[in-house]
Amino acid sequence: MMIHKRTIPSFFDYFCFAFFIFVWIIPLLYMGFTNRIFPRMPPALSFLHNASALFAKSVSSWPQYFIEMRFQPDGPWTEYDYTDDFKMKPFGYRTRVNRFFEIFSRGEYNKMAREELARWIRGRYALKNPGKPLPIAIRFTDARVPLRSDGFDGHWKNKPLSEFSQKEKFVVSVHNF
Amino acid sequence: MSQNNLSKPKQNCGQRLLNFWFGPVDLIRIDTFRLLKGLSMLCYFGSWWRQGAVEWLSTESFHISAKANWTALSFPPLPVGLLPFFGIFFFGSLALWTLGIATRVTSWLSLLAVTYVTYTDILSAYTINKFYIVTLAVMALYPHGDYWTPQKRVPSPRSAWALRILQLTLIVHYFITGYSKAFTGDWLQNPSTLWSQIQGLYMTDAAAWMLRHFPIGVFSWMQYMTLTFELSAPLLFMVKRLRPIGMGWGLIFQGLVALTMHQLIFFSLEIICFYVLFLEDRTLHKTRLALKNLLNQLKSNLLELDNDLFTTLFRPK
């Protein structure tokens with residue numbers, strides 16, 4: 001086997017190693033141990049470091065998210081079927097909308113994201129129902145499936161909104177138009 | 001970690017340390033890792049594409065704007081008409097990189113493509129995407145592609161830094177995952193944590209079967225075995241003699257994750273790729289040469305069959 005002569009290691013090798021230690025390994029450890037973003041790390045990189053705190057806590061219930069619309073000021077809320085708009089199920093039996101609410105359902109700082117989703121859903125409704133009146137309000141609801149000890153007849157299946165009792169439902173936010 | 005460096009004899013402690021982290025190593029582990037990682041990426045992203053490329057990456061579906069997205073990095077989705085071209089670019093780059101073709105270019109193209117799809121739609125990006133980005137970033141800066149490639153190259157040793165960073169990634173990931181579960185989470189205090197997690201929206205038919213037939217105690221046992229494995233990963237993977245135990249245990253663990261959690265098979269496959277970095281060079285060379293001989297045997301058998309068929313069909317009467 002012919003061995004090419006090259007300087008091993010070169011300055012570039014040292015540089016790359018230091019780069020990944022300081023930009024990847026150390027922040028990954030920091031986030032893993034403290035559950036906090038590494039100080040002064042750009043958010044786009046911090047996103048990469050949040051990689052290892054998986055399934056760390058027990059849960060008492062599992063969330064399902066629903067979208068409801070209202071067409072009159074005091075009218076009833078009717079469920080909007082978003083299965084046509086969100087067909088992908090990336091990881092688990094859940095759609096991208098479920099994933100959206102896992103990240104953006106809490107806090108005022110996430111309100112802009114929820115507002116964007118509400119506007120997009122309204123736009124989709126308009127496209128699918130040309131000529132019909134548009135909703136004047138959209139509500140996002142978090143419904144909780146409690147833990148159980150039996151009835152495991154197969155993989156996870158989403159429950160319809162009608163099967164949740166009032167105390168199992170929580171309003172995430174309401175968006176008026 | 002492995003001691004397969006081409007090391008000089010009689011070095012002092014400092015020199016041995018430097019040699020371990022930066023000394024010359026054979027590329028067989030990195031190239032085998034490249035091949036397996038590339039295949040796992042093609043499977044994962046192929047599955048996402050098949051589920052719905054339009055929803056995943058196009059302007060026709062919902063994507064959060066950069067302003068509303070706390071990652072503060074959000075690439076614009078593509079017009080539907082451009083999707084087929086992007087698909088060719090994306091899967092083409094990944095396939096070429098997997099095959100070790102023009103790795104200096106294809107590793108950068110793959111990195112750009114995977115970064116693009118991750119930050120265009122964070123709603124379908126998970127830990128697996130993050131590890132792919134970091135892996136490709138390491139490989140893009142590191143010359144590789146001597147083995148497992150149709151291109152004829154003369155193998156030459158490289159500095160070990162990339163191998164060590166990738167090995168560290170696996171060890172750190174396992175350890176801090178275990179640490180989070182034990183000390184930030186409640187895996188030590190609550191023996192039913194795994195049981196509660198497994199019946200959620202990841203629950204597969206196999207998980208449902210286990211929940212029907214196994215008492216909660218079995219899940220508690222699995223929970224503590226998982227914690228033990230993850231927290232002892234540094235020892236299991238760094239100490240050469242413990243490595244077979246670590247890998248065997250890890251394969252069972254990752255296999256159970258794949259079996260009980262819907263679509264997490266992709267994550268398990270990605271993590272298992274890292275195990276290759278801890279194997280002996282000679283084991284990988286033997287495997288590579290055995291496969292090469294098998295392929296050559298198959299080729300010559302096919303040629304023989306071809307000739308026989310030709311002779312039979314076109315033999316003068």
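How many Å separate the centres of domain 1 of chain A and domain 2 of chain A? Select residues 11-49 of chain A for domain 1 and 61-176 for domain 2, bounds that come from an automatic or database domain assignment; their centres, taken over C-alpha atoms, are separated by 36 Å.

Before going on, note that this is a predicted model, in which local features need pLDDT of at least 70, side-chain atom pairs count only at pLDDT 80 or more, and totals for chains, interfaces and linings use all residues. Residues are numbered from 1 along each chain as its sequence is written, while chains are lettered from A and ligands numbered from 1 in the order in which they are written.

**Confidence**

Colour chain B by pLDDT, the predictor's confidence in each residue, from 0 to 100; the mean for chain B is 92, and 95% of its residues reach 70 or more. For the complex, the predictor gives an ipTM of 0.91 and a pTM of 0.91.

**A:Arg96**

Next, select A:Arg96, which lies in helix 3 (residues 96-104) of chain A; helices are DSSP runs of H or I with at least four residues, numbered from the N terminus. A:Arg96 is buried, with 23 other C-beta atoms within 10 Å, where buried means 20 or more such atoms, exposed 12 or fewer, and partly exposed in between, with C-beta atoms placed from the backbone. Leaving aside residues up to four places away in sequence, A:Arg96 touches A:Phe86, A:Met88, A:Pro90, B:Leu123 and B:Ser124, a contact being two C-beta atoms, placed from the backbone, within 7 Å. A:Phe86 is 10 residues from A:Arg96 in sequence and 6.4 Å from it in space, C-alpha to C-alpha.

**The domains of chain B**

Now select residues 24-159 of chain B for domain 1 and 163-262 for domain 2, whose centres, taken over C-alpha atoms, are separated by 27 Å. Their contact takes seven residues from domain 1 of chain B and four residues from domain 2 of chain B. On the domain 1 side, helix 2 (28-57) and helix 5 (127-140) of chain B each supply at least two residues.

**Helix 8 of chain B**

Finally, select residues 205-213 of chain B, which form helix 8, and highlight its buried residues, B:Ala207, B:Met210 and B:Leu211. They cover an arc of only 100° around the axis, which puts them on the same side of helix 8 of chain B; the arc is that of the directions from the helix axis to the C-beta atoms. These buried residues pack against helix 7 (193-198) and helix 11 (243-260) of chain B, whereas B:Arg212 and B:His213 are exposed on the other side of helix 8.
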